[in-house]
Amino acid sequence: SASVPLPNNILTWHISATLMRYDQEKQIYIAEEGVELSGGSIRLQADHVTFSNVTRNVTASGHVLLKSNQDTIRCDRLALNLENETGTLYNGIVFIEENHFFIQGDTIRKTGKKSYEAERAAITTCPGEDPDWKISARNVVVTIEGYGIARDATLWAKNIPALYSPIVAFPVKNRRQTGLLTPRITSSNRKGME
């Protein structure tokens, strides 16, 4: 177990593991078996972790679970900068609690604290391995409290492809917004003009 203070003691990172060593030359901690790294609102668990107390870069592999605030990332491996929360995760799923939103993909890049980009990805708000609906796409870009864009997208209803579009834009918002709804004029035999 070790504690690594940041400059000015702003935040301390705690590392615990069954096996751990420190490489003085590279200034990195190498931890294995039951590794837990925590600091602030971030908690990382994995089988193998390397952590630099200079750059705040971490790599993790084997049963990786990362919780940041209320968001959860599960993946096979990741490389992440803990200071700016950017990096890449492989064969993973991101659950964004605020919007109850799942992003699953072969390669997911965390491009900021609230933004992601994924290759060969699926997005949904349904939990589980077999969601009621999902959008699969070649490329997905998501900004929380903003919008998402999916390229080469297919909307699935359970296991049935329902609709294809070369590009789909969708809101990824939790808060209500003000705006003007455009009125429509319709006519039918049953209701007349509306």
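Trainee: What share of the contacts in the protein between residues at least 6 apart in sequence join residues at least 24 apart?
Mentor: A contact means heavy atoms within 4.5 Å. Among contacts between residues at least 6 apart in sequence, 28% join residues at least 24 apart. This is a predicted model, so local features need pLDDT of at least 70 and side-chain atom pairs count only at pLDDT 80 or more, while totals for chains, interfaces and linings use all residues. Residues are numbered from 1 along each chain as its sequence is written, and side-chain values use heavy atoms, with hydrogens and water left out.

Trainee: How many helices and strands does the secondary structure come to?
Mentor: Both are DSSP runs numbered from the N terminus: helices are H or I with at least four residues, strands are E with at least two. The protein has zero helices and 15 strands.

Trainee: What percentage of the residues count as buried?
Mentor: Buried means under 20% relative accessible area, exposed over 50%, and partly exposed in between, using a 1.4 Å probe and protein chains only. Of the 194 residues, 39% are buried.

Trainee: Which residues touch the most other members of the largest nonpolar core?
Mentor: In soluble globular proteins, nonpolar side chains tend to be buried together. A nonpolar core is a set of buried Ala, Val, Leu, Ile, Met, Phe, Trp, Tyr and Cys residues joined through side-chain atoms within 4.5 Å. The largest one has 39 residues, and Leu44, Val58, Leu78 and Ile103 touch the most other members. Strand 5 (residues 42-52) gives the most to this core, with five residues. Leaving out residues up to four places away in sequence, Leu78 touches Leu44, Val58 and Val64, among others.

Trainee: How many salt bridges does the structure hold?
Mentor: A salt bridge is a side-chain nitrogen of Lys or Arg within 4 Å of a carboxyl oxygen of Asp or Glu. There are eight salt bridges. One of them joins Lys110 and Glu85 at 3.6 Å, N to O. Lys110 lies in strand 9 (residues 101-112) and Glu85 in the loop between strand 7 (71-81) and strand 8 (86-96), so the pair ties together parts 25 residues apart in sequence.

Trainee: Is Lys110 buried or exposed?
Mentor: Lys110 is buried, with a relative accessible area of 5%; Glu85 is also buried, at 12%. Lys158, which bridges Asp130 at 3.8 Å, is partly exposed at 39% relative accessibility.

Trainee: How many disulfides are there?
Mentor: A disulfide is a pair of cysteine sulfur atoms within 2.5 Å. The count is zero. Cys75 is buried at 6% relative accessible area, and Cys126 is buried at 14%.
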